[in-house]
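Here is a short report for a first look at this structure. Keep the sequence and the 3D view open while reading.

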Amino acid sequence: MTGASAGVVGLLSSSATVGVRGVLEATPRYDLSLGLTMPLASDPEEQARVTEETFRASFRNGTRAIPLSIEQSVQTVLDVTLDDATERRVIVVSASRLDSDADLVTGRWADDPSEATLQADAASALGLALGDTLSMQDARVTLVGTWRVSDAEAPRWLGEEQWTTGASGDSAGPLVIDRSLWSALDAKPWVQWAIIPDTGRLQATDLAAIAHAWEQVPDAIRAAGLETGSRSGQFVTSTRELGVRLAALQTAIPLALVILSVIAALTIWELAGLTARTRATEMALLWSRGATTASLSVRAGLEAAAITAIGSALGIGVAALVLWSVQGSEAVASTLWAGLWAAAAAVAAGALAFSLRTIRTARAPRAAERAGRARSFAGVGGVVLLLVAAALSTWQLRTYGPVTGRASGEPSVDPVTVVAPALILASVVLLGLYLFPALVAAAERGAVRGTGRALAVRGVSRRIGAAAATIVMLGLAVGQLVVAAGYSATWSESFTQAQQLRSGSALRLQAPPGGMTAADLDTAAGAASVVGLAPVRTQSVTIGSEQAGLVGSTPAAIAELAEDGRDLIDTAALSEAIVAQTELPQLPGEATNVTIDVGTSPAEARSVWLVDAWGRLDEVPLSPAADQVGVASATLPLGRAPWRLVAIDVVPLDGVAPTTVAVRSVTTDAGAVSPVPVIQVAFRENGTPFLRSELGPGGVPEEAGAVLRLLSRADDGLIAISERLAERIDAEVGSAVTVRISSSAPPVSAVVTAIVPVIPGASGSSGLLVDTAVVDLALLTSAADPRMPSTVWVGSDDAAASASALRELMPSSVAVDELGAEPDLPMLTAGAGALWIAAAAGGALAIAGLIVVCAAQQRERRNEIGVLRALGLAAGQQAGVRRGELAIISAWGAVCGAAAGLVALLVVVGTLARAAIPGVYASIPTPPRFDVVVGVGALVALALAVAAVITLAGTTAGRAARTLTVQQVDE
């Protein structure tokens, strides 16, 4: 029991740590730091020393210092005079250890206060070269080197763009100066601190400690006598959802260990009773020689404590060795620590049980006391109290869930709710135990006199009390196996379903909000086993008066790549539902180039916007024809046909203010394309759209430098919506709705063509799916250069090979999500594993307890065996009677356990499993399931073990009936 308990806690603890590190490794590194800004004090060195000491004193997890690094920079923005007497706004800094985190592009690092270095892109933008002088008020520095940061996504930069791009707003930099110059500048610099947790060494419990410390840091800084400022950084925000998963994982500890502890306690109690009865003669002799009952009980308790300690040490050692071989050395520490507490509990329980049983034996217990054991154990009052407790715990669990929030906002496990399965199992088993005497009495009345079943039933009826422990132990063991099999299957099925629907496809790329670049997409398309990319537009939109999550994808991508959520969604029907009656103009599949002819319009075609079958939008530049006015052409990208024409960008000729612009024709080397785009919008050179009032009669702006965009016509959008959204907007199939995709574009008219449980790839239960062409047209209407999508579904012949290649090729800011290879999967699956460990240990303890009960009965019924032998009952018949008695008791225990497990499975297991599933959709229930193969296999194994014990007990009784002498009976 001790080894199993330590193993469960160690497994969950080490799995949580492995999961946390895996998730943090997959998180963009610029989100893995914390920043604090404060004004520079009059004594910078003292300020730095006190602040760093405060940080290190605050970021602790109990007595353990949280592993982290601290970086500091002093910053301000100044007007800097260049050699040509021009003034420019420059970001001026002093930074710690810059030479180790940046690479020189030209020159060298500064050696004294008269020298400075500058970010290379800023130097180019300012037109500076090595040796140039920069003046800042009364200070002058000479530029001796330029540099770029070695890792643009390193946490120490806190995502601030000046370190990587050389500019922030209208200011260039950073210009790195010596710290001693700040006293000579009339400025108000600020100190920027970057606290960077070492994600490779963090423990799971460090996350909550970091969040708590970060809340307390401003007060700690003020208490140290310093002025604090603003906080930044995304570490706490990035790990908040991870904290909820950790709290959900902790629910498995009481769920696994409560029932195991009850079975262990009953086993220890029965073993103590057997030992006490075996040593009854010895205790009587010691008592007659002056030993007191107290001294005898203390002696028995100490002996039990010593033996239990040895067994606990062996169990803990085995558990630690197993976990070390599976999860490494870090799992050993948590196993040993948990094992110490479990061993202490086991030693105390063993000492107490042996002491109490020794006292009862020394006092020559009355038969009536033994006979009443079942009634006292399973009395009406006890059952009622358990039922009330189970009902309250279950109600709270189903109402609020097992994970709640503290006042600080941190998630925590509700101890009342997580014991609901244990209370249900105990309640139902004890109800069965309370009913058992009545059932046995009825069976006895119906039994025919004889030496077979009738004697077995009468034997059970006369020893109801002796059956109590067996029924409870086996019932709880069976119930726990049912719960483990149910939880495992329920969690696994619902987790897979949620991950499929949340991801949308088996392999996905997830970029920052700015979207992926065309170069990134080209790189991804060339990765191993990748057959295509499907950029997916995901954003929040307004439909009617409600907010919803939009997923924009092509019908082909939905049919080929979308996951069905374990048969929840018919992806083929879903793709057909969003196919427009009039699609965008399609280029012939054999085409290799496209030509645009604007005819006599005083303009030239600059580019065409094309989208491939899986929704990748490309702007393809056009080259004017040398021998034809108004004609321009381009070569089509290879390997992605067929293309659809979305828009054409046209630029008026210099010095001409046309009143109308039109495209005469669109042709390819494989045939013409029709219809020609005609819907017209206009943009300035800086990308801002013209207002209607700024356009001439022909829709052409009179302002020079305009870009005209001719868009293809499109029907009303055909959309599929989720059931939750349909309820919110009171829509049904055929309903007409409006969808506002962009705040700067008119709303899109749409018709609901399908209602499904949830939209694959949507971030929430209220989602809608539309052909990405509808979204592209809306965005091209309002933005000169619409951003690329942040989400890309990847088609692959080998998802694992592609995922591995993509992780090597893509920048770290782009997450590669592969279904079944989630970074937190080891952590999430540990809950089910812990339940199986506890269930297996519970079954083993139940068997051990049954063996103890059988041994105790064998000793207590020696006289009975002799009497029955004298009455002519053969050894084989006595063996059959004993097997029959044990079979009846064990069968009833199994029935009670199966019933209890089924009730727990149907009532609470789904809620507990759901809490451990990240990203579960509120609109999709988590129905209880049962792992038939493993669950039935475990129950059969337990049944075979019980049958073996029963067979052995019957054989032992039969052997005793053959060999027992009169003298042995008298003894």
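The sulfur of Cys896 lies 18 Å from the closest cysteine sulfur, that of Cys854, which is too far for a bond. The model is a predicted one.

**Cysteines**

A disulfide is a covalent bond between the sulfur atoms of two cysteines. This structure holds 0 disulfides. Cys854 takes part in none, and the nearest cysteine sulfur, 18 Å away, belongs to Cys896. The cut-off for a disulfide is a pair of cysteine sulfur atoms within 2.5 Å. Are these two cysteines buried or exposed? Cys854 is buried, with a relative accessible area of 10%. Cys896 is buried too, at 4%.

**Salt bridges**

How many salt bridges does the count come to? The count is 24. Three of them are set out here.

| Pair | Closest N to O |
|---|---|
| Asp151 and Arg29 | 2.3 Å |
| Arg222 and Asp219 | 2.7 Å |

Take Asp151 and Arg29, joined by a salt bridge. The pair links distant parts of the chain, 122 residues apart. Asp151 sits in the loop between strand S9 (139-149) and helix H5 (162-165). Arg29 sits in the loop between helix H1 (2-26) and strand S1 (34-39). Asp151 is partly exposed, at 27% relative accessibility. Arg29 is also partly exposed, at 28%.

Arg97 lies in the loop between strand S5 (87-95) and helix H3 (98-101), while Glu71 lies in strand S4 (residues 68-81), so the pair ties together parts that are 26 residues apart in sequence. Arg97 is partly exposed, with a relative accessible area of 45%. Glu71 counts as buried, at 5% relative accessibility. Glu71 and Arg97 also belong to a network of salt bridges, together with Asp101 and Arg156.

Arg222 is partly exposed, at 45% relative accessibility. Asp219 is partly exposed as well, at 44%.

**A covered strand**

Now turn to strand S27 (residues 679-683). How many of its 5 residues are buried? The number is 4, so the strand counts as mostly covered, given that buried means under 20% relative accessible area. Which way does S27 pair with strand S28 (residues 707-711), parallel or antiparallel? The pairing is antiparallel, over 5 bridges. Within it, Gln680 has Leu710 of S28 as its bridge partner.

**A nonpolar surface patch**

The last stop is a nonpolar patch on the surface. It is formed by Val932, Val933, Val934, Val936, Val940 and Leu944. Together these residues have about 540 Å² of accessible area. One of them, Val933, is found in helix H28 (residues 932-963). Why does Val933 count as exposed? Val933 has a relative accessible area of 69%, and exposed means over 50%.

Note on methods: Residues numbered from 1 in each chain as written. Predicted model: local features only at pLDDT ≥ 70, side-chain atom pairs only at ≥ 80, totals over all residues. Heavy atoms only, no water. Patch = residues over 30% accessible without salt bridge, like charges linked within 9 Å, V, L, I, M, F, W, Y side chains within 5 Å. Areas by Shrake-Rupley, 256 points an atom, 1.4 Å probe, with all protein chains shown as cover. Salt bridge = Lys/Arg side-chain N within 4 Å of Asp/Glu carboxyl O. Helix = DSSP H or I, 4+ residues; strand = E, 2+ residues; numbered from the N terminus. Buried < 20%, exposed > 50% of the residue type's maximum accessible area, 1.4 Å probe, protein only. Pairing = 2+ DSSP bridges.
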